[in-house]
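Here's a quick tour to read alongside the viewer. Keep the model open and pick out each spot as it comes up.

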Protein chains: 2
Amino acid sequence: MQIELKIAMNQHLFIKDPEGSELGRKILFHAVEMIQLNGFEDFTFKKLAKNIGTTEAGIYRYFENKHRLLTYLTAWYWSWLEYQIHIQTKNIKDPKSKLKIVIMILMMKSTSEAQSLHINEQKLHQIIITEGAKAYLTHHVSEDNKIKLFKPYKDLCASISNIILENNKNYTYPKSLASTIIENSHLQVFFNQNLPSLTDYSSKKNDKEIISFLEHLVFSCLKIS
Amino acid sequence: MQIELKIAMNQHLFIKDPEGSELGRKILFHAVEMIQLNGFEDFTFKKLAKNIGTTEAGIYRYFENKHRLLTYLTAWYWSWLEYQIHIQTKNIKDPKSKLKIVIMILMMKSTSEAQSLHINEQKLHQIIITEGAKAYLTHHVSEDNKIKLFKPYKDLCASISNIILENNKNYTYPKSLASTIIENSHLQVFFNQNLPSLTDYSSKKNDKEIISFLEHLVFSCLKIS
DNA sequence: CAATACGGATAGTATTACTATCACAGATAA
DNA sequence: TTATCTGTGATAGTAATACTATCCGTATTG
């Protein structure tokens, strides 16, 4: 059984809904391929158009500019993560197990059967590791925030925050700890792959130690052994 | 007494040493002003040249491109931080106090008397919060790493890592924890200023709670009460 | 049948990110 | 003293980027 997944996206993230047409879906698919392969700076709408077989103007009918497309992809990713957390923890009683599942999902070691057809989640995860922070590290973050572009991130953070509080209802900084483990789960992978002397992991391929580090960090903060 | 501070920079960070000439120092000074004011994306060599009263070609004699200039500024910042940690902890015996000083320095709440004449450390700190990660979050991070552009970051991380081990010599991930608190000290400030619902702080202006969060995190990991 | 949506094709502009060349003034070295 | 080197200014030019605009055909729908 293949369950298709459709995530509702904020209207301001696009001009025309890319999931609603063939060309739109091609844009998403090829954008993910290209950004993952050569990075966001090298990525241009002209190259994307050429890859798809359409024109630059064709892409601009869907997205205002490439930064908005990146914001779209990150928003999609946050929503997808929150959905994963929701379905994979809903039948779990033990709060500690829930938190471990959250970390596994953040590290992409656990995916439910539901898949998106035109967005490759593994490749998108790789994009988020390197480019995700660029979606909000801008001079226009406040305007973007006003039109709710980062709502999926906040919702994800709130979900994880609640699971943190289930583990220790007296913990003072549940949201800060949530944003810390979200960002740090990406950063530690990036460092392990590219600047390993900023970490202590013995293997570049295996993420077990990163997971162990993150679990230790979270459970230490929450005083759970 | 004014103590001037001169930081030795990797030769690959520039074409001509900007600290060695009047124009070079103007480039650094105005680059910091401009990037802090309007962000790195808006910053161009043409605008910088106009602000200084020189030409675009004049800037290119000092830096290959604007990304390399950003890398220069971040490298300078890491070196400066490590120096601050060195002098401000050298007479401290208690490892826990040392670690608290490290956190204060990362949060720019503690500066020694030595100052740089043409680089404003407070403004540079603001730049690092928003733009610092962009220095390494690139497709060419490995090549940049090969020519040692990130050595100051690694040295800083190693210094903090050693102080962590002084607190708990059995802790398994001292460098990972060091890179975590470095990056997170910036991120939590950014979130507090721009996306506060990702945090739990009550004041946008006061960093006390961020410091308290970071201290709790570190000392929990190290099992120190 | 008319209206509208979708997308292909072409053109054009301002800005960005450089590269190259020439000229000149002041310091230094032979 | 003359030659040279260094630092900077001035000007020009190019390829690519990041858009914007217009036109036009085709498919869908009401």
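## Protein meets DNA

In the side chain of Glu56(B), an N or O atom sits 3.0 Å from a base nitrogen of DNA strand C. Keep in mind that this is a predicted model.

**Around DNA strand C**

- Which helix gives the most to the surface near DNA strand C? That's helix α3 of chain B (residues 56–60), which puts in three residues.
- If you sort the residues of that surface by class, you get five nonpolar, five polar and six charged.
- Looking at the DNA side, 50% of the atoms of DNA strand C within 4 Å of the protein belong to sugar or phosphate, and the rest belong to bases.

**Around DNA strand D**

- There are 16 residues around DNA strand D too, and the ones that come nearest are Glu56(A), Asn65(A), Thr54(B), Arg61(B) and Tyr62(B).
- Thr54(B) has a polar side-chain atom 2.4 Å from a phosphate oxygen of DNA strand D.
- Tyr62(B) meets a phosphate oxygen of DNA strand D as well, with an N or O atom of its side chain 2.2 Å away.
- Over on chain A, the side chain of Tyr60(A) has an N or O atom 3.0 Å from a sugar or linking oxygen of DNA strand D.
- Helix α3 of chain A (residues 56–60) supplies the largest share of the surface near DNA strand D, namely three residues.
- By class, the surface near DNA strand D is made up of five nonpolar, five polar and six charged residues.
- Of the atoms of DNA strand D within 4 Å of the protein, sugar or phosphate accounts for 46%, with bases making up the rest.

**Where chain A and chain B meet**

- How many residues does each chain bring to the contact? Chain A brings 50 residues and chain B brings 50 residues.
- About 4200 Å² of area is buried between chain B and chain A, and carbon and sulfur atoms give 64% of it.
- Across this interface, 28 residue pairs are in polar contact, both partners being at pLDDT 80 or more, while the number of salt bridges found is zero.
- On the side of chain B that touches chain A, several helices each supply at least two residues, among them α1 (22–38), α8 (151–167) and α10 (208–221).
- The helix that gives the most to that side of chain B is α9(B), with 13 residues.
- That side of chain B has 22 nonpolar, 19 polar and nine charged residues.

- Look for Phe29(A) in helix α1 of chain A, which covers residues 22–38.
- Phe29(A) counts as partly exposed because its relative accessibility is 36%, a value between the 20% and 50% cut-offs.
- From Phe29(A) to Met108(A) is 79 residues along the sequence and 19 Å in space, C-alpha to C-alpha.

Conventions:
Residues are numbered from 1 along each chain as its sequence is written. Chains are lettered from A and ligands numbered from 1 in the order in which they are written. This is a predicted model: local features need pLDDT of at least 70, side-chain atom pairs count only at pLDDT 80 or more; totals for chains, interfaces and linings use all residues. Side-chain values use heavy atoms; hydrogens and water are left out. Helices (H or I, at least four residues) and strands (E, at least two) are DSSP runs, numbered from the N terminus. Buried means under 20% relative accessible area, exposed over 50%, partly exposed in between (1.4 Å probe, protein chains only). Contact means heavy atoms within 4.5 Å. Buried area is the accessible area (1.4 Å probe) that two parts lose on being put together, summed over both. A salt bridge is a side-chain nitrogen of Lys or Arg within 4 Å of a carboxyl oxygen of Asp or Glu. A polar contact is a pair of N or O atoms within 3.5 Å; within protein, one must be able to donate a hydrogen and the other to accept it, and residues adjacent in sequence count only if both atoms are side-chain atoms. Ala, Val, Leu, Ile, Met, Phe, Trp, Tyr, Cys and Pro count as nonpolar, Asp, Glu, Lys and Arg as charged, and the others, Gly among them, as polar. A residue is near a molecule or strand if one of its heavy atoms lies within 4 Å of it.
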